[in-house]
Structures are given as structure tokens and as C-alpha cells.
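Visitor: I'd like to learn how to read a model like this one. Could we go through it together?

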Amino acid sequence: MTIQSKTSTALTLVSDPVSPGLENTIAAETIFSHVDGAAGRLIVRGYDLEQLSDWSFEAVLALLWQGLVSHEDTEAEIRVALAQARVHAFRLIETLLPATDNLSQVEGLRLLLSSMPDAEPLAHHVLAVAAVPVFAAAIARRSAGLAPVAPDTTLGHAADFLHMLHGENAPAEKVKALDTYLVTVADHGLNASTFTARVIASTKAGVFSSVVGALCALKGPLHGGAPGPVLDMLDAIGDESNIRAWLVNALVRGERLMGFGHRIYRVRDPRADVLKQAVTGLRDSGGRINFAEAVEKEALALLAEKKPLRPLQTNVEFYTALVLEGVGFPRESFTNVFAAGRMAGWTAHILEQEHLGKLIRPQSKYVGPMPEAR
Ligand code: ACO
């Protein structure tokens, strides 16, 4: 590589190439999950994702937190602790909710999460997980001109999320679909937001600061901001006769098709199938899912033509959009619902990093100008 120094003297640096996306860098050891991009397999603490799809979110939290916390070891204990913490989180929103008015829903969640004091006496990992549905539901309702609904401690986490969103108990099929969604996205290796959480946790900044940073990383359209745009894309296409023309035009304009491609998976993201199955369990999903399948088929064909050497397959966000729409979330809140599920993995990784007690501090390679010779 040739660069110019301050004095315009050409300077040549010969060094190892740095991969700007850290693609092949292993930056942590973890007991939580393994993403096998070649086989299309996700293992979560000894289980294939497909084995967990019938578990409750609380059971997956018990699996992830096991051995890292002194209390809340079992599914039942976690269910009770989360319910109490949701009530606690609800008290926190009273004064701050109006401050979210001119923000997007994910910005609103960012604001409310950052308001949690490090001096908070409740277990921080439990409160962080409990707070997201409380905050996300209140923000979504306020955007629709509705008052927040207090949590119901008799309900499980997914059921109460829908109850706080809709102001009434949701049918069992919707609770099941949301539980499956939360479980499916609970943890996924060292994705950008989890890595962010671990970096912040490694400085001993605490759980709340670490999860706020993680949420900021999740918010981008290349990570957790995609499912809303997936629905925008389906709406813009409109009907089956327009699928191919719309997708071709988008690709010609250089746009990315939302819900396709992944940094690690070179085959289909296994989470896409679990979520597709969850959508089919919803009574009113028929028309949307048939249309989405037709869009998916055409998109995969066009992406294969456009990038024959770079397999681009359906990722988790494509069917996420359908599940979350099917259980009644407004699309502006989708990233917040993703955060509700991924909070399981974030808190587990934060606990793991805190146990490790090692500051994450990589090095950079200097490619700027050298000082003039003295
Ligand atoms: N549509 C069209 N082209 C694509 C897409 C897509 N969805 N994804 C990748 N490509 C193309 C890129 O333009 C690039 O082409 P180029 O080499 O000519 O520039 C090539 O494929 C490789 O793409 P990269 O960005 O280098 O791949 P990377 O691994 O960094 O990106 C990512 C992965 C960000 C997910 C990408 O596939 C993407 O932007 N997808 C659309 C957004 C999306 O669905 N995000 C959700 C991801 S899942 C999650 O985080 C939970």
C-alpha cells in the first residue's frame, strides 16, 4: 500500500491485510451459542435451535444464565422474577415516557433504557430483560395515542408483552408465536450488538450501559433494523404480478433486498424456517405468507443471478416481519421486539464477560503519515 506522508514523501507499508469487518477474527470464547454458517445450524448451549422452538422464553433464559447467577436458576423462578421486575420497570416510565414523543420507537427505548440507574437494587440482568417489553409496549401505545397498560404478574413474559401492547389478553396461538420468536432470536454468536455489549461490559461499566450500547448497534438496518423495511418492501411490491419487476428495479438501483444475506450463513438461516413455521400457526396469516413465499422465491433467484459467487439466502428478518405483524406489533416497533428477545443473549454474554474480567482492547494498524525525520 502506498500513502502520502505530511511532507508528501511516498511511504510504503507492507503488512498483513486487516479485514475491515473482522470476518475471520475469533474475539471471544463463549458457552452460549455456535453459528455454523456452512451447515445452516444454530446451537444454543447444547441444543439445536429447532429443539428449543417449543420452549418458553423463561426456560431459555434459565438455560443461558445457568451457572452465572446465584438466583433465578429455574424457569419457574425466572418467570416470577421477571414478572416482579416488569412491575418495577413500569414505575420507571411514568415521568420519562413523554420525553419519547419526538423520537422513533427504538430511540424511545434507547432513552428509557439509559434512564436506569446503576444503583438500582434489583438484579440488573433480570431488570434489563423485564424492562424491554414494558418500555416497548408503552412506547408503541403512546405512538397510537394510548395510555400504557400495567403488567399482569400472573402472565408469562410473552403473554404479558402482548397484554401490555393490546390492553387485553392475547389468544394462545399469538402468545406461542411470540414466545417462539423471542426464543429464536435469544442468542446468535458474536453478532455486532452482542460484541458491543461484551466490549462495554469488559470495562466494568455495568449491565445497563452494556445493553444500551448493544441496542444502539442493533438499531442499524444491517443488523436489527431490517424487518420493518421487509414489510415496506412487501407493501411496495403490492401483488404477485409486480414481484419480479419491483425486485429487478431495486437491484438495478443498487439497493439491498431486506431479509436476505448474512455475514456467516452461506445457506439458509435456520431461524427463518422456525419463524416461518411460527407464522403458519397464526390463523390470519394465510394471504401474507403465500405472497411472502412468492417474493422470497423470486428474490433468491435474482440474487443468485446477480451474485453467483456469493450465496445470499433468506435471513431471520424476513419471516420475523411476518410473525411480528401477525401478533399485532406495529412495524415501527419491530427492532424493539428484537431487543426484547436478544436481551437474553446480551445479558448472558455480559455476565460471561464480567466473570472473565478481562478488558477487551484490540490494536489497530497505523496507516497514517509518519512524523518528519528529526
Ligand atoms: N441484497 C442485495 N445484495 C446484497 C444483499 C442483499 N440483501 N446482501 C449482500 N449483498 C451483496 C452486497 O451488495 C455485496 O456486493 P458487492 O460485493 O458487489 O459490493 C455482496 O453481496 C456482499 O455483501 P456484504 O455487505 O459484503 O456482506 P456482509 O456479510 O458484510 O453483509 C448483510 C451481510 C449486512 C446482512 C447484508 O447481506 C445485507 O445488507 N442484507 C440486507 C439487510 C438485512 O437483511 N439485514 C439483516 C441481517 S440479519 C441480522 O442481523 C439479525
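Visitor: Where does pLDDT stay under 50?

Guide: pLDDT is the predictor's confidence in each residue, from 0 to 100. Here it stays under 50 over residues 1–14. For that stretch the model has 23 contacts (heavy atoms within 4.5 Å) beyond four places in sequence. The chain as a whole averages 93, and 95% of the residues score at least 70. This is a predicted model, where local features need pLDDT of at least 70 and side-chain atom pairs count only at 80 or more, while totals for chains, interfaces and linings use all residues. Residues are numbered from 1 along each chain as its sequence is written, and side-chain values use heavy atoms, with hydrogens and water left out.

Visitor: How is the chain divided into domains?

Guide: Bounds come from an automatic or database domain assignment. In this case, domain 1 covers 47–224 + 332–356 and domain 2 covers 227–326. Their C-alpha centres lie 26 Å apart.

Visitor: And how much area do domain 1 and domain 2 bury between them?

Guide: Buried area is the accessible area (1.4 Å probe) that two parts lose on being put together, summed over both. These two bury about 1700 Å², 70% of it on carbon and sulfur atoms. On the domain 1 side, Glu 173, His 188 and Phe 334 lose the most, together 37% of what that side buries. In contact terms, 19 residues of domain 1 meet 23 of domain 2.

Visitor: How many salt bridges are there between domain 1 and domain 2?

Guide: A salt bridge puts a side-chain nitrogen of Lys or Arg within 4 Å of a carboxyl oxygen of Asp or Glu. Between the domains the count is zero, though the structure holds 15. One of them joins Lys 176 and Asp 54 (3.8 Å, N to O). That pair links distant parts of the chain, 122 residues apart: Lys 176 is in helix 7, and Asp 54 is in the loop between helix 1 and helix 2 (57–65). Helices are DSSP runs (H or I, at least four residues), numbered from the N terminus.

How values were computed. Helices (H or I, at least four residues) and strands (E, at least two) are DSSP runs, numbered from the N terminus.
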